[in-house]
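Colleague: Hi! Could you walk me through this one? I'd like to chat about chain folds and contacts.

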Amino acid sequence: MPILLRGEWYDLRDLANPVRELIDGLGLVSEVDYVLWSLIASLAILTWLVLSVLAFIWIERRVVARMQNRKGPNRVGPAGLLQPVADALKLLLKEAITTRGADRLLFWLGPVIIFIPTIVVFAVVPFGESMVLADLNVGVLFMIAVAGIMTPAVFLAGWSSNNKYAMLAAMRTIAMLISYEIIQVLALLAAVIFIGSMNLQTIVSWQDEYNTWLIFIMPLALVAYLVAGAVEINRSPMDISEAESELAAGYHTEYGGIKFGFFYQAEYLAGFAIAASATTLFFGGWTLWGLEEWIPGWLIFLGKLYAVFFVYIWSRGTLPRLRIDQLMTFAWKFMLPLMILNVLLVAAEVVIWEETGASRNVALPAIGAVNAALAAVLVIGWARFLGHGSGRGRGYSATLTREVGKIYYTGAEAS
Amino acid sequence: MTIKSEPFVVNVGPQHPSTHGVFRLRLTLDGEKIIDADMVMGYLHRSMEKLAEERTYTQNIPFTDRTDYVASMTGNLAYVMAVEKLMGIEVPERAQFLRTIMAELQRIASHSMALGIFANDCGAWQTPVMHMFRDREKILDLFEMACGARLTLNYMRIGGVSRDIPDEWIPQAQKLMEDLPKRFAEYEDLLLHNEIIVARARGVGVLTPEQAMAHSVSGPMLRGSGVAWDVRKADPYAAYDKIDFDIAVGTNGDVYDRFVVRLAEMRQSLHIIEQALEVMPGGPVHERLGTATVQPGGQSIAPLAFRPPVGEAYARIESPRGELGYYIVSDGGPSPFRFHIRAPSFINLTPLKLMAIGATVADAIVILGSVDFVVGEVDR
Amino acid sequence: MTTHVTGIEIAHLIDGQFPDAVQDAQPEFAAVKPESLVQVLTWLRDDSDQAYEFLSSLTGVDRIQWFEVAYHLESIKHNRAATIKVRAGDRENPVVPSAVPVWPGAQLQEREAYDLLGIVFEGNPDLRRIFLWDGFAGFPLRKDYLNLPGGQMPGLERFPGEPGVELSGRGTE
């Protein structure tokens, strides 16, 4: 049946088909056709993003509420579904306040700048077999470069609002994002070296062709990428730049109304961007071992993307927050050496594979097994080397006694 | 090369998610490191000590609800004990047991909240609080059955308690006692051995026992520093001398130890309540005072006013936050001549500067959470 | 069970160590002269037979004729409790030596007593108002704070609803 459908306007496996049919019917000159086509595609991505954000605001609140013995929003609309809409309306209608002493231009620029890269990233994301707005051959590089714009935007917001919490949060964010961007890049570098391409579409088709996902080949890189992603989108346990119990609302403390709305939405969009790149690079993108012939590829892609994003919701509902120095120590002392080793290892494997010319059925499982085993050994060994035992051993219970006035202090911790 | 840096003053509070009320902490920072800390309080000062001089002894009981509004029962208990000490009143046995049970239920409720909020301060976004509020709600339901109120209870009376518990109260309390150990095991599993909580709390805000005693710190903070001092054991009041329980102490004096001491105390409280429910005798719940009116059922209720003899009394109990003392001076009139509250929340804040200097901002929040103060009691 | 040492007993002990330091001894408390207060408190803390290492409560009382500061001491080592008092006679400017050098835990409590009663603790390193704002007029816990007419004092003289004379403040008769 899919063969019958292929390329027809009712072939919804590629949402471009019906649109293509419509635009072709207009008979435009090619320049106008190109512009119109780009506009429609961009608008489609933007619409999907906004709807996804609205949906996930609701999903996150309901899911976290479930984790907390609560019901979550259930008053506006059926099952509270219209709550995000009501929130958005409220944010739109609120007075736009600029604090006294704030740098007005930069204060206004902050939310705008943070909003742009989070959307632009989706230009290179392949939603389906041919559903990609800009099929760049340096797609991975583009994603990293564009996401890097968030860092100055956050600092701009924190600096310009003339608020000390915001300033502290901005300083933390800069320190953190710069550290974790290195890890993010190294994680992606390993993947790129292995596949030999920076084109996201090529990366997906490689995983399709070799019938494997990169998660099975380099689990450590995926974990590192997701951790670095959590830092970038301020999700616990890395939500230090927002840290509502320490710094009120972090760098956007002074923002209200729709300016705050922009930050709020940008956080979700950045989350989707992280999830999208993780899906594309490590989870086979829009492919699902041949099922993409039957199920639309973009549905598979969205399913995977939402599943990855759900991990962040889950961690937010369950984990406490690390301290900034612990987080930096984790980045520089723990993750960075591991990621450098990982890159070297992957590079060596690629060379060995090419030299020996082993068949893919032998090479891929072998490489996957070696990588997984080494990842486990490295993580455990390196943690031991840095002096971290298992968590269970480090917690303890209180001593029980009946001798009033006796002192049980040992001071083991003070030294 | 040395980097030149300037100190940076941050006001944590009075409007801040982690000050547990309107309390202001003025931190001088060098980067993230605290080089000076100053407390500014009084935003919730209601001059209770002055107001109490204008009211009769019985009328003052509601004030004691509103000092530490998270643990009203213990506030009531300390005050009525001070007045009873002043007047030399013997309280009936059943009332003593009821007081013990209520005070321990209150301790579980208050520690639940303290631990949940502490986890919140560590950054666990609301989840532990919500789970612990579930237990607290159940306890507040029991309070509602016993005295009709949930927060400001006004249950204790001079000479006893305001009324006896209804018949269905004991089965419901026993059911709760069966449920709670499972929950506590869950909290111990999820929080006590949580790698991030351990990393955030161990070695932070250390107080040695000498420092703790010199700074008049009491309650879980003193016991966290390893001093086995619990007024319930050291100077038994109510029915604690008839009940078997242990004091929980820590060994390192850090934030983590205060946390484990509170968790262990919740289990001890359960143990106390279970025993008290078993051995609680029948009989009156109120000692008849001179001008007391007797209700149709034969139950006497506390008189609105009486004149204690000239003198003074200082009674202290172990409230969830520490040693809660009431110092009453009487000149023989119907209202106290001087009414002073030794508020554990307030005095436990004394070594805050000592603990905070050298720590980071994030540590200061965790230390503040581990003190477990209630601003209503700090400011009174 | 905590041994509550009576004022008479503790007065005898202090007298044995510092003759001429005790001003008054009642069953509830022993009053010490201000000039020897710090000496006495330091001795009570450091002497291994006394070992009152824990200052439970420090508070001021306006006794109209004088101000007094009550120190409720506890010995965790011996499980013992005692009460020491010190009096300041000058109504306008009551001065008492600070206990902060002996117990740092007195810091906030002395600030509270200063704030609400106006008792000056000499030697306190940081004696500022604590609950009320700087520049607050007067000290509210003093009995003459409200400046009632005819030298009346706040506080009830009779029960609410007690027959006879209508309600009035202390000290009217």
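Colleague: Among contacts in chain A between residues at least 6 apart in sequence, what percentage join residues at least 24 apart?

Modeller: For chain A that share is 78%, where two residues are in contact if their C-beta atoms, placed from the backbone, lie within 7 Å. Bear in mind that this is a predicted model: local features need pLDDT of at least 70, side-chain atom pairs count only at pLDDT 80 or more, and totals for chains, interfaces and linings use all residues. Residues are numbered from 1 along each chain as its sequence is written, and chains are lettered from A and ligands numbered from 1 in the order in which they are written.

Colleague: Thanks! How many helices does chain A have?

Modeller: Chain A has 17 helices, along with one strand. Helices (H or I, at least four residues) and strands (E, at least two) are DSSP runs, numbered from the N terminus.

Colleague: And why call chain A as compact as a globular protein of that length?

Modeller: Because its radius of gyration is 24 Å, close to the 22 Å that the globule rule gives for 415 residues. The radius is taken over C-alpha atoms, and the rule is 2.2 Å times the number of residues to the power 0.38.

Colleague: Changing topic: how many residues does each chain give to the contact between A and B?

Modeller: Chain B gives 54 residues and chain A gives 47. On the chain B side, the largest share is six residues, from α7(B).

Colleague: Nice. What is the strand order in the open sheet of chain B?

Modeller: The order is β1-β2-β3, three strands with antiparallel pairing. The edge strands are β1 (8-12) and β3 (33-40), each pairing on one side only. Five bridges join β1(B) to β2 (residues 24-30), and B:Thr28 in β2(B) is the bridge partner of B:Val9.

Colleague: Which helix packs on that sheet?

Modeller: That's α14 of chain B (residues 361-371), which touches β2 and β3; its direction makes about 155 degrees with that of β2(B). Axes are lines fitted to C-alpha atoms, for helices over the stretch in contact, and angles run from 0 to 180 degrees between N-to-C directions.

Colleague: Last one: what joins β2(C) to β3(C)?

Modeller: A hairpin does, through four residues.

Notes. Pairing = 2+ DSSP bridges.
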